[in-house]
Structures are given as structure tokens and as C-alpha cells.
2 protein chains.
Amino acid sequence: MQDSSHGAQEGSDPVFVLVRPQLGENIGASARAMWNFGLERMRVVDPRDGWPNPAAYSMATGAGRLLDHAGHFESLPEAVSDCARVYATTARPRDLTKELLTPEEAAAAIDADIQAGNRVAVLFGPERTGLTTEDVTVASAIVSVKTNPEFSSLNLGQCVLLMAYEWGRRRLDPLPRKGELSPLATVEHVERLHGILAGHLEESGYFSARDREPSMRANLRNLVSRLPLTEADVRTLHGVFVSLRKAGPKA
Amino acid sequence: MQDSSHGAQEGSDPVFVLVRPQLGENIGASARAMWNFGLERMRVVDPRDGWPNPAAYSMATGAGRLLDHAGHFESLPEAVSDCARVYATTARPRDLTKELLTPEEAAAAIDADIQAGNRVAVLFGPERTGLTTEDVTVASAIVSVKTNPEFSSLNLGQCVLLMAYEWGRRRLDPLPRKGELSPLATVEHVERLHGILAGHLEESGYFSARDREPSMRANLRNLVSRLPLTEADVRTLHGVFVSLRKAGPKA
């Protein structure tokens, strides 16, 4: 361990540990992806190009603070020494002596670990090779993303993004949508709209094929009541009908 | 529309439409992300640097076929002219006159649309600005990723990755894990292990503090039965205990 702490510890979020990352760009992209979903505790183990890494800062724009506070370690056991539960991400799960989880299941398990007061680490391997069998020996469970068997390679930043996204799905506030969609029009307002439309159409001779009139009327009424029209839509359509009548028949 | 078709049409997967993408690298990363999750139908609308784009091919390594078959269009309405349902991804949902979905909800809705025989498009906006209000007018619903409000910018490739990942969660085969974890040891085998261990410990005087013996025995038995030991673990521990006895007391 080369700094005085294991990195930022505040909060109760998992630590993301990049094990022997190669490209600074991927370290920076990982920092961005973490911060996109509110995660800020990063640790790096033996990065190929040393530490701090200028290329990581170039890519991390807006999330450079995570790099400032990242813990830097010589070895994986040192990096996770204070953690009670360790999840290892792998592209092709080889070590089947441990539980294998999807990112969604892992996020749920991590959430439960943290609720129970345990500190959690998630491990991400180097770009080319992924975590070794030895790296995985420190892990409590294995995480793998379900991918196309013909094309399963996710890069480091993408793997971090998917784990962070699943964490965010659990912990971030929901999308702000309640009560913001215009409410749907009541049957009364839809019926009034339909009545006005039907009246216009009667005048214009739309229903003049008398034998088909009942089915034409039913079709129109079903069409109007099937659409999820809002009150605003109903007002718009009243205006549209008035305006169509004003336009008169085409010359 | 500039080619003879709307791109590869086989199968029943959504079409991902990149609207006015700027960087070829992001187009290539989008192709990779799609193919990672088994999606192969891409369309591009008015890409800034023309089409085909060499930088897209450089980045797409392994997924270049998607670019070969991608449809190339002058305008968004042309690109989605054959689609019945259109989902628009946006970073900050402004147009709240349409249903707002998470990527997971959108994947479920798209799956239902496709099961009902409808062709579906998912729109992704340009890097800098995202989809315009006008682009969104062709959409049936809006998709937004729940992100950290302090740092919500996802790049084009990341947005495509998350939508493709959610599609893969529904459609790809599950992780191959059934029956592959070694089964847990039966109570009979765990009890036998515990009995042998307790026997060794009796001989070694571990329980010699007579007033604490009952609680020490209970602790040990609880410890052994709480661990999720497999049959293989039990065999390993039998060997470990034998070997510890052979080692004898430390000099």
C-alpha cells in the first residue's frame, strides 16, 4: 500500500478495484462510468504505466476527483485487505467452485452485504487477459455478463459501466416521471370530441354509404377511445377539426 | 434513403439508429456494443464525416460486418419509415408528453412490440447535443438512463451499450451455471467432519477449560454447519486435519 489510506472510504458503496490496468484511457473511462452512477471509491493495483497516470486524467474529464482519491496498491491482497466480501468480474467463468452471478444479481448481493455492515470490493482484470485464476482466489463470488458467445469481449470501461449501472439501478433516485405526463382525457371529454367529429362527418357525407354506416360509426368510435389521448390532445384535435372545416373542400 | 434496403432485416431484433453521429470511433464502438449482445441491425442518419467511415471500421474490430450492412439515410423519418414503434434515448427527458421508460422497461416494451409483429427502432442522438425536440417527435416513447444528477453525461457508445445489454438480458441464453457448482455436502458428511475434528481437539486439550467446554463445542459445531461446504471441501478438510496432526506441536 503506497498511500496513507485505502482511498476515499466515506459512504457505503462498493470499492471498484482495477487490477493491473494497462491503458490510462480505460482507467479514466472507468472513473467516468463510476461517477455517472454515483460511485466514487476506486483502487488501482500495479497499473502498467505507473501512478498517477496523465492519460487517465485526460479521459476522466469531470471525474478526475476519483483518480485523485484512488488508492494505489502493489498487490491485489493489499488492495482488498479491509474488505469482507470480494466480487471478481470475469469474461469467461472458469473457476466454478464459486457462486456465479449476473451483474444484476451481484448488485443485489453487494447491497445486502453493505446493509449488513460489510465492506465490499469489485475486481476488474487487465484489458488483455482479465483476472487470473490466482486473482480470483481472493474472491467470494464471480460476476459475469451474459454476452453473445460469438463476440463476448467487453473492454474494461464497458465492464465497469455495466456494474456501475446495475448499482445505480438499485441506489439512484427513480426517473422523475410521476405526475409529469399530462393526464389522459376522461371518457366525457373523449365522447364530446367524438360527437363533434361524427357531427362534422355526417354533414360532409362521410357516412353516406348507408349499409356500412353502423360499422363505420363503430370503427370511428373505437379508434377515438383506443388512443391514449390526453386532455391537451383533445383540445388540439378540437382545434384541428374546426380548422379543417374552415379550409373547406379542395378546389 | 441511399442504399437499396433499410439494412439487414432478418430476425426480429430492434434496429439501432445513430442520428447524426459525429465521431467514427463512437459509431464503431456502438457496432461492437451491439454485437456483444447479439444485435446486428444498425442504421446511420447523416453522419458528420460521411459514409462509410474508416474510423468506425478501425474501432469496430470484430463487428465490422454491422457497418457493412448498416443502412445509411439522409433523414431520420426515412430511416425509420418501415418501423411501427420508435424509442428515443435522451439524457435529460424534456418532452414529457410521451411515456418515459428506463432501459430495462424499454427492452420489455420492445420485446412485446416485436412479439406482436411490429418492427422497432431505437434512436441515439449525436454526441454533443443528443436528439433534438424535432427528432423526438417521431418517437412513440422516450428512454432515459437513471444517472448521477451531478454527472449524467453518457457517451454514444455507452448509451448503445446499456440498451444492448438490457436487450441481451432478455434474449441471450442464461449464464451456464446450473449443476456446475460442486453440490454442498450433506449433514451426514459435515457431522462426520465435525466429529473427527472435535475428537482431535479433545485429544489436544482444546476443550480443557471445563466450564467453557459446552459453549466451545456449540461454537465449533455452529461454525462447521454454517459454512457452505461442498463435498470437495469436506474431503480437503479431512486431509488438512490429518496433516496438521502429523505436523505435531511446534518446537
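Author: Let's start with helix α10 of chain A, residues 231–247: its 17 residues reach 25 Å from first C-alpha to last, close to the 24 Å expected at 1.5 Å a residue. That expected span is 1.5 Å times one less than the number of residues. Helices here are DSSP runs of H or I with at least four residues, strands are runs of E with at least two, and both are numbered from the N terminus.

Some ground rules: this is a predicted model, where local features need pLDDT of at least 70 and side-chain atom pairs count only at pLDDT 80 or more, while totals for chains, interfaces and linings use all residues. Residues are numbered from 1 along each chain as its sequence is written, chains are lettered from A and ligands numbered from 1 in the order in which they are written, and side-chain values use heavy atoms, with hydrogens and water left out.

Back to the helix. Glu231(A), Val234(A) and Phe241(A) are buried in α10(A), where buried means under 20% relative accessible area, exposed over 50% and partly exposed in between, with a 1.4 Å probe and protein chains only. Looking down the axis of α10(A), the buried residues fall within an arc of 75 degrees, so they line one face of the helix; the arc is taken from the directions from the helix axis to the C-beta atoms. Over on the other side, Arg235(A), Leu244(A), Lys246(A) and Ala247(A) are exposed. Part of the cover for the buried residues comes from α8 (187–204) of chain A. After α10(A) comes Gly248(A), with a positive phi near 70 degrees.

Next, a residue from another helix. Leu220(A) sits in α9 (residues 213–226) of chain A and is buried, at 11% relative accessible area. Leu220(A) touches His194(A), Leu197(A), Leu201(A) and Phe207(A), leaving aside residues up to four places away in sequence; contact means heavy atoms within 4.5 Å. The C-alpha atoms of Leu220(A) and Val242(A) are separated by 18 Å, with the two residues 22 apart along the chain.

Now over to chain B and its sheet. It is an open sheet of 7 strands in the order β3-β2-β1-β6-β4-β7-β5, with parallel pairing; two strands pair if DSSP finds at least two bridges between them. β3 (71–73) and β5 (100–101) of chain B stand at the edges with a single partner strand each, so one side of each has no neighbour in the sheet. β2 (residues 42–45) of chain B runs parallel to β3(B) over 3 bridges, and Val44(B) has His72(B) as its bridge partner.

β6(B), residues 120–124, has 5 of its 5 residues buried. Val120(B), Val122(B) and Phe124(B) point one way, and Ala121(B) and Leu123(B) the other. β1 (residues 15–19) of chain B joins β6(B) through 4 parallel bridges, with Val17(B) partnering Leu123(B). β4 (residues 85–89) of chain B also pairs with β6(B) in the parallel sense over 4 bridges, and there Val86(B) partners Ala121(B).

Last, the two chains together. 46 residues of chain A are in contact with 45 residues of chain B. The chains bury about 3,800 Å² between them, 60% of it on carbon and sulfur atoms; buried area is the accessible area (1.4 Å probe) that two parts lose on being put together, summed over both. In chain A, Lys146(A), Phe151(A) and Leu175(A) lose the most area to chain B, together 20% of what that side buries.
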